[in-house]
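Please look over the sequence and the structure shown below before reading on. The report that follows describes the overall fold first and then its details.

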Amino acid sequence: MTFQSGEIKSEFQVQGVSIAAWARARAFDPRLVYAVLGGKNKASRGKSHLIAVALGMKPGPQITERTRQLGLANEPDSQGGPGVASQQREST
């Protein structure tokens, strides 16, 4: 289930949490979070995509055999850390 921007903003207000505080707690740039919520950023790749997924605006990635073959799967490594694909995206 995904949520609309207005629903998300209302939930922040009901919970008494600022969007900027939420962003900083998750190491996101608050300006980018506001841009995603405001529809000024399509959130199709990179940090903006991760923000949209974290906010519930977009579904998380679906891991299939094909995404594993392409090296795009974002699965934890054997020590429970982020997968290789995740680490590569963060470095770009």
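Among contacts in the protein between residues at least 6 apart in sequence, what percentage joins residues at least 24 apart? The share is 24%, where a contact means heavy atoms within 4.5 Å.

This is a predicted model, in which local features need pLDDT of at least 70 and side-chain atom pairs count only at pLDDT 80 or more, while totals for chains, interfaces and linings use all residues. Residues are numbered from 1 along each chain as its sequence is written, and side-chain values use heavy atoms, with hydrogens and water left out.

## Overall fold

The protein has 6 helices and 0 strands; helices (H or I, at least four residues) and strands (E, at least two) are DSSP runs, numbered from the N terminus. Along the sequence the pattern reads α-α-α-α-α-α. The protein consists of 92 residues, of which 26% count as buried. Here buried means under 20% relative accessible area, exposed means over 50%, and partly exposed lies in between (1.4 Å probe, protein chains only). The accessible surface comes to about 6,600 Å², and 53% of this surface belongs to carbon and sulfur atoms. Such areas come from the Shrake-Rupley method with a 1.4 Å probe; for residues, only the protein chains shown count as cover.

## The aromatic cluster and the core

Rings of Phe, Tyr and Trp (its six-membered ring) pair if their centres lie within 6.5 Å; planes under 30 degrees apart count as stacked, over 60 as edge-to-face and the rest as tilted. By this rule there are 2 aromatic pairs, as the table shows.

| Aromatic pair | Centre to centre | Angle between planes | Type |
|---|---|---|---|
| Phenylalanine 12 and tryptophan 22 | 5.8 Å | 80 degrees | edge-to-face |
| Tryptophan 22 and phenylalanine 28 | 5.9 Å | 35 degrees | tilted |

The pair of phenylalanine 12 and tryptophan 22 links distant parts of the chain: phenylalanine 12 belongs to helix H1 (residues 5–15) and tryptophan 22 to helix H2 (residues 19–25), 10 residues apart. Phe12, Trp22 and Phe28 form one aromatic cluster. Phenylalanine 12 counts as buried because its relative accessibility is 11%. Tryptophan 22, at 10%, is likewise buried, and phenylalanine 28 is buried with a relative accessible area of 13%.

Which residues touch the most other members of the largest nonpolar core? Of its 13 residues, they are Phe12, Trp22, Phe28, Val33, Leu37, Ile51 and Leu55. A nonpolar core is a set of buried Ala, Val, Leu, Ile, Met, Phe, Trp, Tyr and Cys residues joined through side-chain atoms within 4.5 Å. H1, H2, helix H3 (30–37) and H4 each supply at least two residues of this core. Leaving aside residues up to four places away in sequence, tryptophan 22 touches Phe12, Val17, Phe28, Val33, Ala54 and Leu55.

## Helix H4

Within H4, the residues Ser48, Ile51, Ala52 and Leu55 are buried. Seen down the axis of H4, these buried residues fall within an arc of 95 degrees, so they line one face of the helix; the arc is that of the directions from the helix axis to the C-beta atoms. An α-helix has 3.6 residues a turn, so residues three or four places apart point the same way. The cover over the buried residues of H4 includes H1, H2 and H3.

Serine 48 lies in H4, which spans residues 46–55, and is buried because its relative accessible area is 7%. Not counting residues up to four places away in sequence, serine 48 touches Leu32, Val36, Asn41 and Ala43. Lysine 47 is also found in H4, but at 48% relative accessibility lysine 47 counts as partly exposed. After H4 comes glycine 56, whose phi is positive, near 90 degrees.

## Salt bridges

Side chains of opposite charge can pair when their charged atoms come close. A salt bridge is a side-chain nitrogen of Lys or Arg within 4 Å of a carboxyl oxygen of Asp or Glu. By this rule the count comes to 2.

Aspartate 29 and arginine 31 meet through their side chains in a salt bridge (3.1 Å, N to O). Aspartate 29 is partly exposed at 33%, whereas arginine 31 is exposed at 65%. Arginine 68 forms a salt bridge with glutamate 65, their closest N and O atoms being 3.9 Å apart. Both lie in helix H5 (residues 65–69), 3 residues apart, about one turn of the helix. Arginine 68 is partly exposed, with a relative accessible area of 40%.
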